[in-house]
Amino acid sequence: MNPSDAELYNPARLDELTEGDRAFISELLITFRQDLFEQLQQLKSLAPQETAKRKQLAHGMRGACRNVGAEPLAALFHLIELNAERDLIDWETIETIAQRTWNMMEPHVTL
């Protein structure tokens, strides 16, 4: 999976969710970024036999990604959730797509 940068983030999703409230969008994106990278680290640190926890974390992040318009990243978390029993996760690819997604989101953060 290698989506183009334009496919990584759909800002219209948050515009719709927040009715265009730029301050609220910024708050949501900042919180999302923090959670995203913390959850990725937690997922990576889990032992392969911790499938229930892996599924739970991946499911939560899938929903968070969908809420902010990061569908390709949501699809990756869905794959983690579905394949939690197998330790076949390409963390480098996931982290790269997560960082690319954030790079597309960051200009929408106003301080």
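Visitor: Where does the largest share of the lining of the largest pocket come from?
Guide: Keep in mind that we're looking at a predicted model. Both α5 (71-82) and α6 (91-105) supply at least two residues each to that lining. The largest share is three residues, and they come from α5.

Visitor: How many residues of that lining are nonpolar?
Guide: Let's look at who lines the largest pocket: Leu76, Leu79, Ile80, Asn83, Arg86, Leu88, Ile89, Asp90, Thr93 and Ile94. Two of the lining residues count as polar and two as charged. The nonpolar ones number six.

Visitor: And what volume does the largest pocket have?
Guide: Here's the idea: rolling a probe the size of a water molecule over the atoms shows where empty space is left. For the largest pocket, the volume comes out at about 160 Å³.

Visitor: Is Gln39 buried or exposed?
Guide: You'll find Gln39 in helix α3 (residues 22-45). Skipping neighbours within four places in sequence, Gln39 is in contact with Leu57 and Met61. Its relative accessible area is 18%, and the cut-off is under 20%, so Gln39 is buried.

Visitor: With which side chain does the side chain of Arg62 make a polar contact?
Guide: Arg62 sits in helix α4 (residues 51-68), and it's buried, with a relative accessible area of 14%. Not counting residues up to four places away in sequence, Arg62 touches Ala74, Phe77, His78 and Glu81. The polar contact, at 3.2 Å, is with the side chain of His78.

Terms used:
Residues numbered from 1 in each chain as written. Predicted model: local features only at pLDDT ≥ 70, side-chain atom pairs only at ≥ 80, totals over all residues. Heavy atoms only, no water. 1 Å grid on protein atoms, 1.4 Å probe; cavity = no way out; pocket = protein on both sides within 12 Å on 5 of 7 lines; lining within 4 Å. Points joined across faces, edges and corners; volume = space filled by probe spheres on them. Helix = DSSP H or I, 4+ residues; strand = E, 2+ residues; numbered from the N terminus. Nonpolar A, V, L, I, M, F, W, Y, C, P; charged D, E, K, R; others polar. Buried < 20%, exposed > 50% of the residue type's maximum accessible area, 1.4 Å probe, protein only. Contact = heavy atoms within 4.5 Å. Polar contact = N/O pair within 3.5 Å; in protein donor to acceptor, adjacent residues only side chain to side chain.
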